[in-house]
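Trainee: I would like to go through this model with you. Could we take it one topic at a time?

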Amino acid sequence: LVSAKTLARQVKKSGLKTSFTLGQVPVPKDDEHQHFFIHGTTGSGKSQCIKRMLHTIRERGQQAVVYDKGGELLANFFRPGQDILLNPLDARSSPWSLWGECQHSADYEALAEAFIPTTPGVNSDPFWNNAARTLFANSAEALANNPKRSMGLLLQHLFSSDSDTLQDLLKGTAAESMVSDTVAKTTLNIKSVLATHLHALKYVQETPHPFSIRQWVQQDKRDSWLFLSSRQNQHAALRPLISAFLNIVFYTLLSLTPYQRQSLWLVLDELPSLQRLPHLMPTLAEGRKFGGAFIVGMQNYRQLQEIYGSQQASTLASLCNTQLFLRATGDINQWVSAQLGEMEVEEVSEGMSYGASEHRDGVSLSKQRRTLPLVLSSEIRQLKDLQGYLMLKSHWPIAKVTIPWVKDRVGQSAFVAKSQAELAQTTPDKTVNRLSTLFASKSSAFMKTNMRDAD
């Protein structure tokens, strides 16, 4: 454990200094694409650290995807006309269509998995989620070549069409057997799972030329940022949609030619506020070859474990080679202390013996090695705002750093609401809205009863 000045001096002396700094310590060259992990409770300085890193990315003119819950980063960094915003409830949002992202059956399946994830440790039959994904993916693909396709038409088929109409649409697909009259209760429960996760699709606006996330990633547009934003009171409804947007970014990045593109920064502040992202782990592991560099922020590691499970959550943290730990509370302090590692201490103990005469008296010295935490959990709890422990790759020492305060440069509103007329254009048929709300509001007890009956 060294001071920030000592670590900064060592990095500069090695000749690996870059313009990226964390608490005035420059990040060594080539470490940028090995991902950043920033952990700290509310008010500890996590957002300040991310803002400072975003300023560096902006100065370099590099491409970035910014997940922004609440709109704080959007207000500071969004440039109308140059950056892209995807939030179907914001008047500045670019239009989007799922058919613009999907070229093959595998694309529809990947999108369905992002909308309807599986949460590890939840005691439920995977059949319902898997069936809902199949029904959604097959229905969307079946409408791909329909000149009248629209999000409203897709939702109408899924939620308000009779079984014969839906069966005609899905004829010859794996989902055809799921929508027949003979399994009506099963179909109802599959649709209830769909409605819970696809509720936000009713806000998606249909236009002749929608924005394509896939094409934006493939084109490697320098100095262009993609913002995925939501307000706090909208987040629960938009979370499946934002998770699907990010998943498109991930699997598109992995489909590129290795070592051919410039940096693409993937900034995920408050990662546990999203659904489980199926392609997150592969992108963390392999994304460096395609220019991907993650900045992952979160308040509590336990939240990540609930979504990804203990093993995958541990893997996620370990895939980020640069880690900054700010103040934490509760039992999470012990986890942070374990992440920072241990030190070996040699203690000398002195023993004295007395004999019958003076020449028999003696003093003995013995050495004992002990292993202690490098940073105690109590020290992590007592950190001040904007203070933390920085851990670079294994051969660098750990340093206690102070994050400089970044003054907000608010140039845009965090949210600009659409007018009622615009919302009326984006909202599908009232019957679809009423049915999707009905399905989404079913209690777990009702669903369990229906699932038993269907079984």
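**Surface, salt bridges and confidence**

Mentor: Two strands, β11 (342-353) and β12 (362-373), each supply at least two residues of a nonpolar patch. Strands here are DSSP runs of type E with at least two residues, helices are runs of H or I with at least four, and both are numbered from the N terminus. The model is predicted, so local features need pLDDT of at least 70 and side-chain atom pairs count only at pLDDT 80 or more, while totals for chains, interfaces and linings use all residues. Residues are numbered from 1 along each chain as its sequence is written, and side-chain values use heavy atoms, with hydrogens and water left out.

Trainee: Which residues form the nonpolar patch on the surface?

Mentor: The patch consists of Val348, Met352, Tyr354, Val363 and Leu365, which together have about 610 Å² of accessible area. Areas come from the Shrake-Rupley method with a 1.4 Å probe, and for residues only the protein chains shown count as cover. Patch members have over 30% relative accessible area and no salt bridge; nonpolar side chains (Val, Leu, Ile, Met, Phe, Trp, Tyr) are joined within 5 Å, and like charges within 9 Å.

Trainee: Is Val363 buried or exposed?

Mentor: Val363, in strand β12, counts as exposed because its relative accessibility is 54%. Buried means under 20% relative accessible area, exposed over 50%, and partly exposed in between (1.4 Å probe, protein chains only).

Trainee: Changing topic, how many salt bridges does the structure hold?

Mentor: There are 16 salt bridges. Each is a side-chain nitrogen of Lys or Arg within 4 Å of a carboxyl oxygen of Asp or Glu. In one of them, Asp31 pairs with Lys393, with the closest N and O atoms 3.7 Å apart. Asp31 lies in the loop between β3 (25-26) and β4 (36-39), and Lys393 in the loop between β13 (387-391) and β14 (399-402), so the pair ties together parts that are 362 residues apart in sequence.

Trainee: What about Lys51 and Glu72?

Mentor: Their side chains meet in a salt bridge at 2.6 Å, N to O. Lys51 belongs to helix α2 (residues 46-60) and Glu72 to helix α3 (residues 72-77), so this pair ties together parts 21 residues apart in sequence. Lys51 counts as buried at 2% relative accessibility, whereas Glu72 is partly exposed at 38%.

Trainee: Which residues are linked in a network of salt bridges?

Mentor: Arg58, Arg79, Asp83 and Asp223 are linked in that way.

Trainee: And where is Asp90 found?

Mentor: Asp90 is in the loop between β6 (84-86) and α4 (105-115). It forms a salt bridge with Arg92, the closest N and O atoms being 3.0 Å apart. Asp90 is buried, with a relative accessible area of 1%, and Arg92 is partly exposed at 21%.

Trainee: What is Asp90 in contact with, leaving aside its neighbours within four places in sequence?

Mentor: Asp90 then touches Leu85, Ala414, Phe415, Val416 and Lys418; contact means heavy atoms within 4.5 Å. Asp90 and Lys418 are 328 residues apart in sequence, yet their C-alpha atoms are 5.7 Å apart.

Trainee: Why is helix α8 largely enclosed by the rest of the structure?

Mentor: Because 11 of the 15 residues of α8 are buried. Among them are Ile190, Val193 and Leu194.

Trainee: Finally, where does pLDDT stay under 50?

Mentor: That applies to residues 442-451, for which the model has 8 contacts beyond four places in sequence. pLDDT is the predictor's confidence in each residue, from 0 to 100. The chain mean is 88, and 90% of its residues reach 70 or more.
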